[in-house]
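Take a moment to look over the sequence and the structure below. The paragraphs after them go from one part to the next.

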Amino acid sequence: MNDTIAAISTSLGVGAISIVRVSGEQSIKIVNKIFEGTDLSKVQSHTIHYGKIKDKDEVIDEVLVSVMLSPKTYTTEDIVEINCHGGISTTNKVLELLLTNGARLAEKGEFTKRSFLNGRIDLTQSEAVMDLIQSKTNNERKLAINNIEGRLSKLIKEFRENITDLISHIEVNIDYPEYYDIEIMTTEKIREIVKKQIKELKYLIKESENKEIIKTGIKTIIVGRPNVGKSSILNNLLEYDKAIVTDVEGTTRDIVEGNIYIEGIPLNIIDTAGIRQTEDIVERIGVEKSLSLIEDADLILVVLNSNEKLTKTDREILEKTKDKTSIVIINKNDLEAKIEIEELKDRNIITTNTTSLKGTNSLKEKIKEMFNLDKIETKDYTYLTNARQLSLARLSLKSLEESLKRIEENYPLDIIELDLKSAFDNLGKIIGIDYSDEIIDNLFKNFCVGK
Ligand code: GDP
């Protein structure tokens, strides 16, 4: 049996009302001890009662008490919520009385944790509760409420059902290998279903990565040799002179940052120091910094000078960014073209100059297209919402891809089945099936007390 927990659920400060929440089998008994009014053990579920909270003979507050009986409550346990007058002293006193009468102070997120452990919500829904509390923008709020309603859980469960279906097909093949015809038919079916699952899971992951962008913006860096026009491009994007533009090589030594918005999505841009081999210690630090920034950027703008042939440094930058989400900006196209453009045919290219804002507009359009930004408002907001969910989905995708590879290479079905099971298990972990206690404890620690 769970003990009965209590906590202040509203933020502690001066306000019209505060809510002290109690959950557990003893909730009603404990509140009854300090409540003067109706006998709460005799009232119907989901009713509100006026009365007084008393410490022996002393009246602490006039309150409204909500009684919600198991199982249709937030935690699925009996819950009593005491609506008292706001203010630190009164609220603390009510809580203190509950604690001296048998309740235990709830840990952070313990009400939601109970809701999860008691099977009312799954892990994605629990996480969404926290996201909703912490949401600052309309988009974040929409994402969170969708997940509380279980849209993501439903999607993950569908993936799992399809994989279970596959596994059972495979079991048939292993158990009845003599049905040769069935095996051929089934292997084909398995391949098709795996392909479909891969496609859909990939889509969900990609959309979810984009969703991170809704929340945090696109971390963008501009890289290139000195003097190719990086600061000018940044200035045009920012439409004001934050970066100092000069034609002395290596002027933009340190890092210049700025924010612009495309379709309401922030583009957090960093202009890095010119990348080149140099003896200058200050610039060298900048160069190393810019190369290290390539790693965790969402978008890299590689700037080249159309008026010069590709240099060794240009090629080095191109090599380092070739597998990243990047746009190669061939700048200074108002001058004679000398660059070996055919070498860049596999890249996302924009040819432009900074003398007008035309180039800036085509760059913005390109970014919009690459990140699907113009469709963001029409999306249905069912996404994986955090790194935990995303990494499990990626693991699951990897196993599915592995299984497809093995199907095509005619591996035995029991080997293929192992990959599918691993995909299935990792999907389960997203919604909290087969969770480890450590993960659960960690997750709920980020909540506030009283939630
Ligand atoms: P950075 O060192 O890469 O940041 O380059 P800057 O933005 O400081 O530009 C270096 C020089 O190139 C400056 O004199 C700019 O005016 C000039 N420049 C930048 N963009 C263009 C362009 O599109 N065409 C021409 N002709 N000059 C440009």
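This is a predicted model: local features need pLDDT of at least 70, side-chain atom pairs count only at pLDDT 80 or more; totals for chains, interfaces and linings use all residues.

**A walk through the model**

The crossing of helix 4 and helix 5 is left-handed, where left-handed says that the near helix is turned anticlockwise from the far one by less than a right angle, clockwise being right-handed. Residues are numbered from 1 along each chain as its sequence is written, and side-chain values use heavy atoms, with hydrogens and water left out.

Helix 4 covers residues 123–134 and helix 5 covers residues 138–148; their axes come within 8 Å and cross at roughly 150 degrees. An axis is a line fitted to C-alpha atoms, for helices over the stretch in contact, and the angle runs from 0 to 180 degrees between N-to-C directions. Helix 4 is therefore roughly antiparallel to helix 5, since angles over 145 degrees count as roughly antiparallel, under 35 as roughly parallel, 65 to 115 as roughly perpendicular and the rest as oblique. Helix 4 contributes Thr-124, Gln-125, Ala-128, Val-129, Asp-131 and Leu-132 to the contact, and helix 5 contributes Arg-141, Ala-144, Ile-145, Asn-147 and Ile-148. Contact means heavy atoms within 4.5 Å.

Now take the chain as a whole. Its secondary structure comes to 14 helices and 13 strands. Of its 451 residues, 50% count as buried; buried means under 20% relative accessible area, exposed over 50% and partly exposed in between, with a 1.4 Å probe and protein chains only. Among contacts with a separation of 6 or more, 66% are between residues 24 or more positions apart.

Another helix pair is next. Helix 12 and helix 13 have axes 8 Å apart and pack at an angle of about 165 degrees, so helix 12 is roughly antiparallel to helix 13. Their crossing is left-handed. Residues of helix 12 that meet helix 13 include Leu-392, Leu-400, Ser-403 and Ile-407, and those on the helix 13 side include Ile-416, Leu-420 and Leu-427.

Which residues touch the most other members of the largest nonpolar core? They are Ile-156, Val-194, Leu-201, Leu-384 and Leu-420, out of 29 residues in that core. Two or more residues of this core come from each of helix 6 (151–175), helix 7 (180–216), helix 12 (387–408) and helix 13 (413–431). Another core, of 24 residues, lies apart from it and has Leu-40, Val-43, Ile-53 and Ile-82 among its members. A nonpolar core is a set of buried Ala, Val, Leu, Ile, Met, Phe, Trp, Tyr and Cys residues joined through side-chain atoms within 4.5 Å. Val-194 is in contact with Leu-166, Leu-400, Ser-403, Leu-404, Ile-407 and Leu-420, leaving aside its neighbours within four places in sequence.

Turn to strand 5 (residues 58–68), where Val-67 is found. Is Val-67 buried or exposed? Val-67 counts as buried because its relative accessibility is 0%. Not counting residues up to four places away in sequence, Val-67 touches several residues, including Ile-28, Leu-40, Val-43, His-46 and Ile-79.

The loop between strand 5 and strand 6 (79–85) holds Pro-71, and the peptide bond from Ser-70 to Pro-71 is cis, with omega near 10 degrees. Thr-76 is also placed in the loop between strand 5 and strand 6. Thr-76 is not a glycine, yet has a positive phi of about 75 degrees. Most residues other than glycine have a negative phi, and most peptide bonds are trans. With 18% relative accessibility, Thr-76 counts as buried.

Lys-332, in the loop between strand 12 (326–331) and strand 13 (349–351), also has a positive phi, of about 65 degrees, without being a glycine. Lys-332 counts as partly exposed, at 23% relative accessibility. Asn-331, in strand 12, is buried, with a relative accessible area of 1%.

Technical notes. Helices (H or I, at least four residues) and strands (E, at least two) are DSSP runs, numbered from the N terminus.
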